[in-house]
Amino acid sequence: MTVKAMVIEEHGGPEQFKLVEQELGQPGPGEVLIRHKAVGLNFIDVYQRTGLYPMTLPHVLGMEGAGVIEAVGDGVTHLKAGDRAAYAATPPGAYCEARVMPAAQVCPLPDAISFEEGAAMMLKGMTVNYLFRRTTPILPGDTVLFHAAAGGVGLIACQWARSEGIRLIGTAGTDEKCQLALDHGASECINYRTEDWVARVKDLTGGAGVDVVMDAVGADTFEGSLDSLRPLGMMISFGNASGPVPPFSVGILGQKGSLKITRPTLFTHIADGPTCQQMARELFEKVVAGDVKLRIDQRFPLEDVGEAHRTLEARRTTGSTILTL
(Lines give C-alpha, C1' and ligand atoms only; values in the text may rest on other atoms or scores of the structure.)
Protein backbone atom coordinates (compact mmCIF):
# COMPACT_ATOMS: atom_id res chain seq x y z
CA MET A 1 0.00 0.00 0.00
CA THR A 2 1.27 3.47 -0.86
CA VAL A 3 0.21 6.74 0.76
CA LYS A 4 0.84 10.41 0.07
CA ALA A 5 3.20 12.22 2.44
CA MET A 6 4.88 15.63 2.69
CA VAL A 7 8.62 15.19 3.21
CA ILE A 8 11.61 17.50 3.69
CA GLU A 9 15.01 16.48 2.34
CA GLU A 10 16.88 19.55 3.64
CA HIS A 11 16.39 21.95 6.55
CA GLY A 12 15.18 25.38 5.46
CA GLY A 13 12.05 27.29 4.55
CA PRO A 14 8.51 26.11 3.78
CA GLU A 15 9.52 25.56 0.16
CA GLN A 16 11.39 22.43 1.29
CA PHE A 17 8.18 20.37 1.49
CA LYS A 18 7.74 17.82 -1.29
CA LEU A 19 4.77 15.57 -1.99
CA VAL A 20 5.88 11.93 -2.28
CA GLU A 21 4.35 8.47 -2.38
CA GLN A 22 5.50 6.22 0.48
CA GLU A 23 5.22 2.47 0.83
CA LEU A 24 3.38 1.47 4.00
CA GLY A 25 3.92 -1.86 5.71
CA GLN A 26 1.97 -3.64 8.43
CA PRO A 27 2.34 -2.82 12.13
CA GLY A 28 4.85 -4.85 14.12
CA PRO A 29 4.71 -5.67 17.84
CA GLY A 30 3.54 -2.67 19.86
CA GLU A 31 2.57 -0.69 16.73
CA VAL A 32 -0.62 0.43 15.01
CA LEU A 33 -1.57 1.49 11.49
CA ILE A 34 -3.66 4.67 11.63
CA ARG A 35 -5.36 6.32 8.64
CA HIS A 36 -5.52 10.04 9.26
CA LYS A 37 -8.70 12.08 9.01
CA ALA A 38 -6.93 15.29 10.14
CA VAL A 39 -3.42 16.31 11.20
CA GLY A 40 -2.37 19.02 13.65
CA LEU A 41 0.14 21.83 13.02
CA ASN A 42 2.45 23.06 15.79
CA PHE A 43 5.40 25.40 16.21
CA ILE A 44 7.66 22.45 16.98
CA ASP A 45 7.13 21.45 13.32
CA VAL A 46 8.68 24.77 12.29
CA TYR A 47 11.66 24.23 14.61
CA GLN A 48 12.26 20.81 13.04
CA ARG A 49 11.89 22.12 9.49
CA THR A 50 14.37 24.97 10.00
CA GLY A 51 16.89 22.81 11.82
CA LEU A 52 16.60 24.57 15.19
CA TYR A 53 15.73 21.06 16.34
CA PRO A 54 17.94 19.05 13.94
CA MET A 55 16.74 15.70 12.68
CA THR A 56 17.86 13.00 10.29
CA LEU A 57 16.68 13.74 6.76
CA PRO A 58 14.72 13.02 4.65
CA HIS A 59 11.83 13.05 7.11
CA VAL A 60 8.07 13.49 7.28
CA LEU A 61 7.16 16.06 9.93
CA GLY A 62 4.08 16.37 12.13
CA MET A 63 3.56 15.39 15.77
CA GLU A 64 -0.19 14.93 16.12
CA GLY A 65 -3.13 13.53 14.24
CA ALA A 66 -6.47 11.78 14.48
CA GLY A 67 -8.06 9.02 12.46
CA VAL A 68 -9.14 5.39 12.38
CA ILE A 69 -7.04 2.40 13.39
CA GLU A 70 -6.75 -0.02 10.46
CA ALA A 71 -4.52 -2.68 12.03
CA VAL A 72 -2.72 -3.40 15.31
CA GLY A 73 0.44 -5.37 16.02
CA ASP A 74 1.06 -8.01 18.65
CA GLY A 75 0.78 -6.82 22.24
CA VAL A 76 -1.50 -3.85 21.56
CA THR A 77 -4.51 -4.19 23.85
CA HIS A 78 -5.95 -0.66 24.23
CA LEU A 79 -6.82 -0.27 20.52
CA LYS A 80 -8.30 -2.45 17.80
CA ALA A 81 -9.07 -2.10 14.09
CA GLY A 82 -11.96 0.30 13.53
CA ASP A 83 -11.33 2.38 16.66
CA ARG A 84 -11.27 6.16 16.49
CA ALA A 85 -7.96 7.44 17.85
CA ALA A 86 -5.79 10.52 18.27
CA TYR A 87 -2.21 11.13 19.32
CA ALA A 88 0.63 13.48 20.02
CA ALA A 89 3.83 11.50 19.73
CA THR A 90 7.35 11.03 18.56
CA PRO A 91 8.85 10.29 16.14
CA PRO A 92 7.45 12.91 13.73
CA GLY A 93 5.59 11.59 10.72
CA ALA A 94 2.00 12.85 10.77
CA TYR A 95 2.02 14.81 7.48
CA CYS A 96 0.67 11.85 5.54
CA GLU A 97 -2.49 9.93 4.69
CA ALA A 98 -1.63 6.99 6.95
CA ARG A 99 1.30 5.73 9.00
CA VAL A 100 2.57 2.85 11.11
CA MET A 101 3.68 4.08 14.53
CA PRO A 102 4.21 3.04 18.17
CA ALA A 103 0.87 2.42 19.87
CA ALA A 104 1.70 3.57 23.42
CA GLN A 105 0.93 7.23 22.73
CA VAL A 106 -2.08 6.62 20.47
CA CYS A 107 -5.24 7.18 22.51
CA PRO A 108 -8.84 6.05 22.02
CA LEU A 109 -10.85 9.11 20.93
CA PRO A 110 -14.32 9.51 22.47
CA ASP A 111 -17.22 9.62 19.99
CA ALA A 112 -18.17 13.06 21.32
CA ILE A 113 -14.93 14.57 19.98
CA SER A 114 -14.50 15.03 16.21
CA PHE A 115 -11.42 13.97 14.27
CA GLU A 116 -10.63 17.63 13.54
CA GLU A 117 -10.83 18.45 17.24
CA GLY A 118 -8.70 15.43 18.06
CA ALA A 119 -6.00 16.52 15.61
CA ALA A 120 -6.12 20.09 16.92
CA MET A 121 -5.96 19.29 20.62
CA MET A 122 -3.63 16.46 21.50
CA LEU A 123 -0.22 18.12 21.55
CA LYS A 124 -1.58 21.49 22.65
CA GLY A 125 -4.05 20.11 25.18
CA MET A 126 -1.66 17.70 26.84
CA THR A 127 0.90 20.52 26.95
CA VAL A 128 -1.64 22.55 28.92
CA ASN A 129 -2.22 19.52 31.13
CA TYR A 130 1.43 19.22 32.15
CA LEU A 131 1.78 22.99 32.56
CA PHE A 132 -1.10 23.20 35.03
CA ARG A 133 -0.98 19.78 36.70
CA ARG A 134 2.49 18.25 36.42
CA THR A 135 5.12 21.00 36.61
CA THR A 136 4.52 23.00 39.80
CA PRO A 137 1.57 23.13 42.22
CA ILE A 138 -1.01 25.67 40.99
CA LEU A 139 -4.03 26.19 43.23
CA PRO A 140 -7.36 27.95 42.77
CA GLY A 141 -6.76 31.66 43.26
CA ASP A 142 -3.15 31.55 42.03
CA THR A 143 -2.13 33.89 39.21
CA VAL A 144 -0.45 32.73 35.99
CA LEU A 145 1.06 34.90 33.23
CA PHE A 146 0.64 33.20 29.85
CA HIS A 147 2.28 34.56 26.70
CA ALA A 148 0.68 34.09 23.26
CA ALA A 149 -2.65 33.60 24.98
CA ALA A 150 -4.62 33.64 21.70
CA GLY A 151 -2.67 30.80 20.09
CA GLY A 152 -3.61 27.13 19.95
CA VAL A 153 -2.06 26.30 23.33
CA GLY A 154 -3.06 29.65 24.80
CA LEU A 155 -6.80 29.42 24.16
CA ILE A 156 -6.88 25.97 25.75
CA ALA A 157 -4.86 27.32 28.70
CA CYS A 158 -7.30 30.21 29.18
CA GLN A 159 -10.22 27.79 29.40
CA TRP A 160 -8.35 25.29 31.58
CA ALA A 161 -7.42 28.05 34.05
CA ARG A 162 -11.00 29.33 34.20
CA SER A 163 -12.33 25.81 34.82
CA GLU A 164 -10.01 25.41 37.83
CA GLY A 165 -10.40 28.85 39.41
CA ILE A 166 -6.94 30.06 38.37
CA ARG A 167 -6.40 33.70 37.38
CA LEU A 168 -4.72 33.85 33.98
CA ILE A 169 -3.19 37.09 32.70
CA GLY A 170 -2.51 36.72 28.99
CA THR A 171 -0.41 38.62 26.48
CA ALA A 172 -1.07 38.90 22.74
CA GLY A 173 -0.06 41.11 19.84
CA THR A 174 -3.36 42.74 18.82
CA ASP A 175 -6.49 43.99 20.56
CA GLU A 176 -8.48 41.38 18.62
CA LYS A 177 -6.28 38.56 19.94
CA CYS A 178 -6.56 39.95 23.45
CA GLN A 179 -10.35 39.90 23.16
CA LEU A 180 -10.18 36.31 21.95
CA ALA A 181 -8.18 35.32 25.04
CA LEU A 182 -10.66 37.13 27.29
CA ASP A 183 -13.58 35.40 25.57
CA HIS A 184 -11.92 32.05 26.32
CA GLY A 185 -11.38 32.66 30.01
CA ALA A 186 -8.36 34.92 30.54
CA SER A 187 -8.94 37.25 33.47
CA GLU A 188 -6.96 40.02 31.78
CA CYS A 189 -5.00 40.26 28.53
CA ILE A 190 -2.25 42.74 27.67
CA ASN A 191 -1.45 43.91 24.13
CA TYR A 192 2.34 43.74 24.27
CA ARG A 193 2.68 45.97 21.20
CA THR A 194 0.91 48.92 22.79
CA GLU A 195 1.60 48.45 26.52
CA ASP A 196 4.61 47.88 28.76
CA TRP A 197 3.46 44.42 29.70
CA VAL A 198 5.87 43.97 32.61
CA ALA A 199 4.63 47.18 34.25
CA ARG A 200 1.03 46.19 33.52
CA VAL A 201 1.49 42.78 35.16
CA LYS A 202 2.90 44.46 38.26
CA ASP A 203 -0.06 46.85 38.27
CA LEU A 204 -2.57 44.01 37.91
CA THR A 205 -0.98 42.13 40.82
CA GLY A 206 -0.67 45.11 43.14
CA GLY A 207 3.09 45.08 42.69
CA ALA A 208 3.44 41.50 43.91
CA GLY A 209 4.04 39.67 40.63
CA VAL A 210 2.54 36.40 39.43
CA ASP A 211 2.96 32.94 40.93
CA VAL A 212 3.88 31.26 37.63
CA VAL A 213 4.90 32.39 34.14
CA MET A 214 4.24 30.04 31.19
CA ASP A 215 6.40 31.26 28.30
CA ALA A 216 6.60 29.64 24.86
CA VAL A 217 7.85 32.81 23.15
CA GLY A 218 11.45 32.51 24.31
CA ALA A 219 14.10 35.14 23.64
CA ASP A 220 11.83 38.19 23.35
CA THR A 221 9.96 37.66 26.62
CA PHE A 222 12.41 35.82 28.86
CA GLU A 223 13.81 38.72 30.88
CA GLY A 224 10.44 40.40 31.29
CA SER A 225 8.94 37.11 32.39
CA LEU A 226 11.46 36.82 35.21
CA ASP A 227 10.68 40.41 36.22
CA SER A 228 6.96 39.57 36.35
CA LEU A 229 7.34 36.85 39.00
CA ARG A 230 6.77 37.20 42.71
CA PRO A 231 9.60 36.11 45.01
CA LEU A 232 9.93 32.29 44.93
CA GLY A 233 7.85 32.23 41.74
CA MET A 234 8.21 29.63 38.99
CA MET A 235 9.22 30.34 35.39
CA ILE A 236 8.15 27.62 32.94
CA SER A 237 9.96 28.13 29.63
CA PHE A 238 8.39 25.70 27.15
CA GLY A 239 9.04 27.10 23.67
CA ASN A 240 11.11 29.35 21.42
CA ALA A 241 8.72 31.08 19.02
CA SER A 242 10.93 34.20 18.93
CA GLY A 243 14.19 32.24 19.10
CA PRO A 244 15.95 30.31 21.86
CA VAL A 245 16.59 31.89 25.24
CA PRO A 246 20.23 33.07 25.32
CA PRO A 247 22.61 31.85 28.03
CA PHE A 248 22.16 33.60 31.36
CA SER A 249 23.80 33.58 34.77
CA VAL A 250 21.89 31.37 37.19
CA GLY A 251 22.72 33.92 39.88
CA ILE A 252 20.14 36.26 38.36
CA LEU A 253 17.43 34.00 39.79
CA GLY A 254 18.65 34.77 43.29
CA GLN A 255 18.88 38.49 42.62
CA LYS A 256 15.31 38.64 41.32
CA GLY A 257 13.74 36.90 44.31
CA SER A 258 14.98 33.30 44.63
CA LEU A 259 13.08 32.35 41.50
CA LYS A 260 12.71 28.84 40.10
CA ILE A 261 12.96 27.94 36.41
CA THR A 262 12.28 24.80 34.41
CA ARG A 263 12.38 23.84 30.72
CA PRO A 264 9.97 20.91 30.29
CA THR A 265 8.83 19.17 27.12
CA LEU A 266 5.63 17.28 26.52
CA PHE A 267 7.51 14.27 25.21
CA THR A 268 9.22 13.64 28.54
CA HIS A 269 5.81 13.53 30.20
CA ILE A 270 4.17 11.21 27.65
CA ALA A 271 7.15 8.87 27.18
CA ASP A 272 5.49 6.56 29.71
CA GLY A 273 2.49 5.00 27.97
CA PRO A 274 0.12 4.79 30.95
CA THR A 275 0.91 8.42 31.90
CA CYS A 276 0.18 9.51 28.34
CA GLN A 277 -3.16 7.69 28.34
CA GLN A 278 -4.10 9.26 31.70
CA MET A 279 -3.20 12.76 30.49
CA ALA A 280 -5.32 12.22 27.39
CA ARG A 281 -8.28 11.05 29.48
CA GLU A 282 -8.02 14.16 31.66
CA LEU A 283 -7.99 16.33 28.54
CA PHE A 284 -10.92 14.49 26.97
CA GLU A 285 -12.92 14.96 30.19
CA LYS A 286 -12.41 18.74 29.96
CA VAL A 287 -13.56 18.77 26.33
CA VAL A 288 -16.56 16.46 26.75
CA ALA A 289 -17.70 18.46 29.81
CA GLY A 290 -17.53 21.67 27.76
CA ASP A 291 -14.84 23.23 29.96
CA VAL A 292 -12.50 23.35 26.95
CA LYS A 293 -13.81 24.07 23.45
CA LEU A 294 -11.44 23.66 20.53
CA ARG A 295 -11.19 26.62 18.17
CA ILE A 296 -9.92 25.66 14.70
CA ASP A 297 -9.40 28.88 12.76
CA GLN A 298 -7.20 27.66 9.91
CA ARG A 299 -7.54 24.61 7.67
CA PHE A 300 -5.14 23.72 4.86
CA PRO A 301 -5.09 20.68 2.56
CA LEU A 302 -2.15 18.38 3.32
CA GLU A 303 -0.48 19.42 0.05
CA ASP A 304 -0.52 23.09 1.20
CA VAL A 305 1.48 22.49 4.39
CA GLY A 306 4.15 24.94 3.21
CA GLU A 307 1.62 27.76 3.16
CA ALA A 308 0.34 26.63 6.56
CA HIS A 309 3.88 27.00 7.93
CA ARG A 310 4.22 30.48 6.42
CA THR A 311 0.98 31.56 8.07
CA LEU A 312 2.01 30.16 11.44
CA GLU A 313 5.46 31.75 11.35
CA ALA A 314 3.99 35.13 10.40
CA ARG A 315 1.82 34.96 13.54
CA ARG A 316 -1.29 35.31 11.40
CA THR A 317 -3.04 32.42 13.16
CA THR A 318 -5.42 32.22 16.08
CA GLY A 319 -6.54 29.08 17.82
CA SER A 320 -5.50 25.81 16.21
CA THR A 321 -4.47 25.00 12.64
CA ILE A 322 -5.08 21.64 11.01
CA LEU A 323 -4.26 19.87 7.78
CA THR A 324 -7.20 18.15 6.10
CA LEU A 325 -7.16 14.92 4.12
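How many of the 8 residues of helix α1 (residues 43-50) are buried? The count is 6, so α1 is largely enclosed by the rest of the structure. Here "buried" means under 20% relative accessible area, "exposed" means over 50%, and "partly exposed" is in between (1.4 Å probe, protein chains only).

A quick word on what you're looking at. This is a predicted model, in which local features need pLDDT of at least 70 and side-chain atom pairs count only at pLDDT 80 or more, while totals for chains, interfaces and linings use all residues. Residues are numbered from 1 along each chain as its sequence is written, and side-chain values use heavy atoms, with hydrogens and water left out. Helices (H or I, at least four residues) and strands (E, at least two) are DSSP runs, numbered from the N terminus.

The buried residues of α1 are Ile44, Asp45, Val46, Tyr47, Gln48 and Arg49. Their cover includes the strands β1 (2-8), β2 (17-23) and β3 (31-40), along with the helices α2 (115-133), α8 (266-269) and α10 (305-313). Just past the end of α1 sits glycine 51, with a positive phi of about 100°.

Take α10 from that list. Its axis and that of α1 come within 10 Å and cross at roughly 110°. (Axes are lines fitted to C-alpha atoms, for helices over the stretch in contact, and angles run from 0 to 180 degrees between N-to-C directions.) That makes the two helices roughly perpendicular; the label covers 65 to 115 degrees, with under 35 counting as roughly parallel, over 145 as roughly antiparallel and the rest as oblique. On the α1 side, Phe43, Asp45, Val46 and Arg49 meet His309, Leu312 and Glu313 of α10. Contact here means heavy atoms within 4.5 Å.

A nonpolar core is a set of buried Ala, Val, Leu, Ile, Met, Phe, Trp, Tyr and Cys residues joined through side-chain atoms within 4.5 Å. The largest one here has 56 residues, and those with the most contacts inside it are Met122, Met126, Phe132 and Met214. Its largest share, 11 residues, comes from α2. A second, separate core has 31 residues, among them Leu61, Ala85, Leu302 and Ala308. Methionine 122 touches, beyond its neighbours within four places in sequence, Glu64, Ala86, Tyr87, Ala88, Cys107, Ala280, Leu283 and Phe284.

In α4 (residues 175-183), Lys177, Cys178, Leu180 and Ala181 are buried. Looking down the helix axis, these buried residues fall within an arc of 155°, so they line one face; the arc is that of the directions from the axis to the C-beta atoms. An α-helix has 3.6 residues a turn, so residues three or four places apart point the same way. On the other side of α4, Asp175 and Glu176 are exposed. The buried residues pack against α3 (152-163), β10 (167-172) and β11 (188-191).

A disulfide is a pair of cysteine sulfur atoms within 2.5 Å, and the whole structure has 0 of them. The sulfur of cysteine 189 has its closest cysteine sulfur in cysteine 178, 3.4 Å away, too far for a bond. Cysteine 276 is in no disulfide either, with the sulfur of cysteine 107 nearest at 4.2 Å.

**A few single residues**

| Residue | Relative accessible area | Class |
|---|---|---|
| Cysteine 189 | 16% | buried |
| Cysteine 276 | 0% | buried |
| Threonine 136 | 12% | buried |
| Valine 212 | 3% | buried |
| Alanine 208 | 42% | partly exposed |

Threonine 136 lies in the loop between α2 and β9 (143-146), and valine 212 is in strand β12 (residues 210-215). Leaving aside neighbours within four places in sequence, threonine 136 is in contact with Val212, Met234 and Ile236. Alanine 208 belongs to the loop between α5 (197-204) and β12. From alanine 208 to arginine 193 is 15 residues in sequence and 23 Å in space, C-alpha to C-alpha.
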